[in-house]
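Please read these notes with the model open beside you. They go through selected places one by one.

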Amino acid sequence: MKKQDSQPVDLAEQSVTRLKGVGARNAEKLARLNIESVQDLLFHLPLRYQDRTRIQPIGAIRRGDQVVIEGEVDVAEIKFGRRRSLLVRLSDGTGGIILRFFYFSNAQREALARGVRLRCFGEVRNGPNSLEMVHPEYQRVDPDEPQQVEETLTPLYPTTEGVHQLTLRGLMQQALTMLEQAPQGLRELLPGTLLSRFPMQSLAQAVSYLHRPPPDADQQELLAGSHPAQQRLTFEELLAHQISLRKLRSQHQQIRATVLPAGSDLKRQLLADIPFKLTPAQERVVGEIELDLSKPNPMQRLVQGDVGSGKTIVSALAALQAIDAGSQVALMAPTELLAEQHLNSFSQWLEPMGIQIAWLTGRMKGRAREEALEVIATGQVQLVVGTHALFQDDVVFDDLGLVIIDEQHRFGVHQRLALREKGRRQGHAPHQLIMTATPIPRTLAMTAYADLDLSVIDSLPPGRKPVTTAVISDRRRDEVVERVRAACAEGRQAYWVCTLIEESEVLQCQAAEESAQQLAEALPELSVGLVHGRIKPEQKEQVMSRFKAGELDLLIATTVIEVGVDVPNASLMIIENAERLGLAQLHQLRGRVGRGSAESHCVLMYHAPLSLNAKTRLAILRESSDGFYIAQKDLEMRGPGEVLGTKQTGDMQLRIADLVRDQDMLDEVREVAEKMLQAHPLQAEQLVLRWLGRRVDYGRT
């Protein structure tokens with residue numbers, strides 16, 4: 001082993017370019033994954049693992065297994081059905097399996113001739129007549145020269161364009177060798193008293209284990225995120241985020257804001273003009289906002305309200321308090337369609353009062369954009385509604401007093417802070433009101449949004465009809481198609497959502513295109529539209545606008561429509577393969593209907609057989625329409641099977657922790673964060689740098 005200098009090596013200080021194979025070009029690609037030092041690389045943790053350490057007999061494998069198998073090709077043939085596919089039958093003496101390929105070349109088909117021996121890795125699924133692997137990884141093997149299997153579980157890392165799994169694994173081996181030579185290179189930053197609570201106390205030991213779990217590692221424990229090595233790092237990561245958000249909050253409280261006095265005449269006028277009364281929950285939240293706006297520190301309030309709870313009117317009343325005090329208001333939404341929806345509501349309510357509104361999106365060009373920028377900068381408009389375009393450099397406000405951000409989780413912390421910087425003048429910053437229709441149980445909200453105050457609109461306006469939910473097997477698909485025909489014949493509109501059928505977005509979008517084609521053939525009298533993640537944003541907006549305008553009867557979509565679009569005439573929602581989605585996402589999708597006066601229905605179509613977990617999930621949806629109850633149940637149910645291979649991302653960009661799974665740690669994390677900031681401020685700072693890296697810049701406010 002290489003002799004170390006007396007001075008211990010700090011891997012946080014060692015550039016990743018020290019590793020073989022990392023020149024300037026690769027360093028640039030790794031930087032996109034926030035990897036700049038050897039420590040950054042070691043903390044780039046696997047999303048999940050594959051067991052390639054042993055070859056399984058085909059006769060012993062079951063549906064859902066991810067396995068390595070080896071056998072001989074019996075037959076390879078092309079089948080023509082709904083989709084052309086190449087079917088290869090493989091057997092090993094204990095049993096047989098079909099390898100199914102939707103994408104293949106003639107050369108590939110010819111290479112898979114009878115008698116050829118293959119080693120394959122993939123997930124086992126139920127096919128029409130036998131078990132199958134769809135698009136497995138495979139290689140030809142020589143029976144006389146057997147190849148070695150992997151010695152440890154194979155990690156799968158988060159990656160980016162131009163950085164392959166094999167590249168990451170190769171670099172990780174080098175980094176782990178450096179760690180073995182200098183275990184002190186990863187500094188222990190937790191207080192010593194805390195380390196005794198972890199079975200695996202050494203940080204170097206925990207990191208090495210997670211990159212190279214031995215074949216006898218408890219895979220269920222690893223997949224569940226409950227292995228001691230994971231828990232050791234999970235605590236550190238949650239602590240780093242908590243410290244950074246607390247620092248952000250305390251810095252924020254030093255900033256001054258314009259006082260926007262309560263008791264606005266414009267607010268009273270709007271409440272007198274609208275044809276409905278606020279619910280007690282809306283009144284309570286309006287009161288909390290009113291109090292915040294009248295203080296000399298910037299409001300930072302997150303308003304949670306279930307789908308249809310009336311968040312828009314609450315934000316309009318906040319806007320009027322700012323406008324009445326002589327300030328401008330900016331309202332930002334994640335998509336042009338959602339922003340346009342807000343523009344329509346606000347125009348209807350505020351323009352009769354003589355309030356001028358401007359519209360700004362990234363698509364606006366030339367003269368229209370220049371005119372919009374001019375009226376915003378000179379203060380000729382009191383309210384600006386738009387998308388991400390609002391925080392572009394050339395957008396200057398005359399006197400921005402309040403920023404309203406819809407669907408908070410679609411924007412990063414630094415994006416909303418960038419908008420706040422725009423409103424800074426003479427040491428003052430604008431107030432911020434952030435809205436979300438994604439119910440988050442309170443424990444999690446206190447952790448994920450520790451820099452914000454929290455308000456909840458926990459009741460729906462009177463008269464809003466609950467959506468009737470039915471759970472139906474896809475064997476009754478024809479009945480469901482007839483139900484769509486009947487709804488549209490009555491002048492209503494319908495959504496048909498195709499959920500993720502493969503890991504690949506390409507295959508998902510292809511499935512949506514196929515569904516659109518089949519439904520257009522089955523329902524020739526209807527006008528059908530299609531949106532998915534791979535069509536251009538302008539095209540997507542155009543289709544959604546046509547649906548909203550009533551020009552399309554049926555909209556086929558992937559889950560891109562989960563948030564935001566408001567089409568009161570849509571009264572039927574079909575969700576295909578509903579068992580594949582989580583409770584919160586299903587509830588959000590269901591919330592796209594039931595916005596008008598007609599009875600609305602949601603059909604959750606599933607593919608049998610259902611797991612016990614999926615049955616329970618669909619039953620909860622059928623029985624309840626309360627988003628907070630559903631969010632709580634989601635929390636209780638999210639077991640290992642549900643988080644298998646998924647990552648909770650969003651504002652916090654978590655690498656190993658999961659706010660749902662690890663909620664039991666949160667109280668202790670909050671306590672330790674407070675103590676570390678007081679007693680160990682330097683370690684606290686280094687911990688944030690380790691886990692958040694450059695993203696910690698958002699604390700610079």
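**Notes on the model**

1. Helix α8 is mostly covered, with 18 of its 25 residues buried. Buried means under 20% relative accessible area, exposed means over 50%, and partly exposed lies in between (1.4 Å probe, protein chains only). Helices (H or I, at least four residues) and strands (E, at least two) are DSSP runs, numbered from the N terminus.

2. The model is predicted: local features need pLDDT of at least 70, side-chain atom pairs count only at pLDDT 80 or more, and totals for chains, interfaces and linings use all residues. Residues are numbered from 1 along each chain as its sequence is written, and side-chain values use heavy atoms, with hydrogens and water left out.

3. What span should α8 have at 1.5 Å a residue? The expected span of a helix is 1.5 Å times one less than its number of residues. For the 25 residues of α8 this gives 36 Å, and the end C-alpha atoms are 36 Å apart, which agrees.

4. Gln 230 lies in α8, which covers residues 228-252. Is Gln 230 buried or exposed? Its relative accessibility is 7%, so Gln 230 counts as buried. Contact means heavy atoms within 4.5 Å. Neighbours within four places in sequence aside, Gln 230 is in contact with Leu 210, Glu 221, Leu 222, Gly 225 and Ile 656.

5. A nonpolar core is a set of buried Ala, Val, Leu, Ile, Met, Phe, Trp, Tyr and Cys residues joined through side-chain atoms within 4.5 Å. The largest one has 59 residues, and those with the most contacts inside it are Leu 42, Leu 233, Leu 239, Leu 687 and Trp 691. Elements that each supply at least two residues of this core include α1 (24-31), α2 (38-42), α8 and α24 (681-692). Another core lies apart from it, with 40 residues, among them Ile 274, Ile 313, Ala 318 and Ile 457.

6. Leaving aside neighbours within four places in sequence, Leu 239 is in contact with Leu 190, Val 669, Val 672, Ala 673, Met 676 and Leu 687.

7. Two strands pair if DSSP finds at least two bridges between them. Strand β17 (residues 493-498) runs parallel to β19, joined by four bridges, and Val 497 stands opposite Ala 557 in β19. Strand β18 (residues 528-531) also pairs with β19 in the parallel sense, over four bridges. From β18 the chain crosses through helix α18 (residues 537-548) to β19, a right-handed β-α-β crossover. Right-handed means that, with the strands pointing away from the viewer, the path from the first strand over the helix to the second runs clockwise.

8. In a regular strand the side chains alternate between the two faces of the sheet. In β19, Leu 554 and Ile 556 point one way, Leu 555 and Ala 557 point the other way, and all are buried.

9. Pro 568 sits in the loop between β19 (554-557) and β20 (570-576). With a relative accessible area of 43%, Pro 568 is partly exposed. Not counting residues up to four places away in sequence, Pro 568 touches Arg 595 and Gly 596.

10. Some backbone details remain. A cis peptide bond, with omega about 0 degrees, joins Ala 608 and Pro 609. Asn 577 is not a glycine, yet has a positive phi of about 50 degrees. Asn 577 lies in the loop between β20 and α19 (583-590) and is buried, at 14% relative accessible area.
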